[in-house]
Amino acid sequence: MTHIAFIGLGAMGQRMAQALQRAGHSLSVHNRHPEAQALLVAQGTAAASTPRAAAEGAEVVFTMLRDDSASEEVWTHPVRGILAQARPGQLLVECSTLSPGWVARLATLAERCEAAFLEAPVVGSRPQAERGALTFLVGGPVEAATRATPWLQAMGPAVHWVGPVGSAARLKLAVNALLAIQAAALGESLGWLRRAGLEEAAWNALMELPVMSPAAKAQLRLIKEGMHAPLFPVDLAAKDLGYARAAAREQGAEAPLTEAAAGALARAQEAGLGDQNLSAVASLFT
C-alpha cells in the first residue's frame, strides 16, 4: 500500500482517485470545491485543506486539472502549492491536458526541488475512468516512468512512454485535435445529408463503413440519440485545440484542419453549447 495524494476531483479526477483507492492505496485528496471530496471521504479517504497539505507525506502526487492556469496555481502557489512541500525523491505526476510550454516549465521547477516529475495525460473519458480503463501517455525520465507504472495501471492498463517531458503533451493535443476534427466533419456531413433527405440512410450506412473510426461511430450514436451529456465538453475541447494550434505554430507546422475544427467549436460556444459534449457540434449544421 502506498500513500498517494490526488489533487483535482472533477469528473475524471474523482474516478481516477477511486481506482487508486480500490487498488488498496491510502489517499489524501484536495479539490477547489470541497463538495467533490464527499464521496471519497465517505469511502475512507482523507481530505486536505490545500494541495500542499494533501501532498505532504505522500510518496506520489497526482493532479488532474482543467488548464494551465489551474495547474500553475495548484503547483506553484508559494503557500498552498504542491512544490512548497516537494522533497527529493517524491514522485510528481501531472495528468492534465496542458500546453507543452507549461509542462516543461513545471518539470524544471520540480527538478529544482530534486523531485521526480512526469507528465501523464490520459486518453479516455468518464466511462473509461469509471472502469479503470484509461490510457496514459507518459513523458519524462524512463526511470520515473517505470516507477510510476504500477500506480498508473491501477487507473488504466495501457501506459505508453513517448519521450522526454513535453512529448506526451504534444501527442495528447494531437489526439484531441483528431477527435474534434472528426466530430466537426461528421456534423457537417450529416447536416447536408439531412437536407438532402438522406438522414436515415446515413445513420445505417455510416455505421457499417470502414471510413468511420471507432471514435466517429461513438459520436454518431450520440448525435443520433441526441445525447450530449458532457463526456468531453465543448469548452474543454476548445481549450485543447487552442493549445494544439499554439504548439503547431511553435514547430513551424501548418494545422488548417485543426484551425477549422477550432472555428466550429468557437461557434458552438457562441451558441451556448460549451457545457455539452463534443457531439453537440453537429447541431450547428442542422
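Which residue in β4 is the bridge partner of Ala5? Select Ala5 and look across to β4: the partner is Val61.

This is a predicted model, in which local features need pLDDT of at least 70, side-chain atom pairs count only at pLDDT 80 or more, and totals for chains, interfaces and linings use all residues. Residues are numbered from 1 along each chain as its sequence is written, and side-chain values use heavy atoms, with hydrogens and water left out. Helices (H or I, at least four residues) and strands (E, at least two) are DSSP runs, numbered from the N terminus.

**The strands**

Start with β1 (residues 3-7) and β2 (residues 26-30), which run parallel and are joined by five bridges; two strands pair if DSSP finds at least two bridges between them. Ala5 stands opposite Ser28 in β2. Right-handed means that, with the strands pointing away from the viewer, the path from the first strand over the helix to the second runs clockwise.

Stay on β2. Four of its five residues are buried, so β2 is largely enclosed by the rest of the structure; buried means under 20% relative accessible area, exposed over 50%, and partly exposed in between (1.4 Å probe, protein chains only). Next select β3 (residues 46-47), which pairs with β2 in the parallel sense over two bridges. There, Ala47 is the bridge partner of Val29.

Now go to β4 (residues 60-63), which is parallel to β1 and joined to it by four bridges. Val60 and Phe62 on one side of β4, and Val61 and Thr63 on the other, are all buried. Four bridges also join β4 to the parallel strand β5 (residues 91-94), where Leu92 stands opposite Val61. The chain crosses from β4 to β5 through helix α4 (residues 68-76), in a right-handed β-α-β crossover.

**A loop residue**

Select Glu114, in the loop between α5 (100-112) and β6 (116-119). Its phi is near 60°, a positive value in a residue other than glycine. Most residues other than glycine have a negative phi. Glu114 is exposed, with a relative accessible area of 57%.

**Two helices**

Finish with α8 (residues 167-195) and α9 (residues 199-206). Their axes come within 8 Å and cross at roughly 140°. Leu186, Leu190, Leu193 and Arg194 in α8 meet Glu199, Ala202, Trp203 and Leu206 in α9, where contact means heavy atoms within 4.5 Å.

Methods: Axes fitted to C-alpha atoms, helices over the stretch in contact; angles between N-to-C directions.
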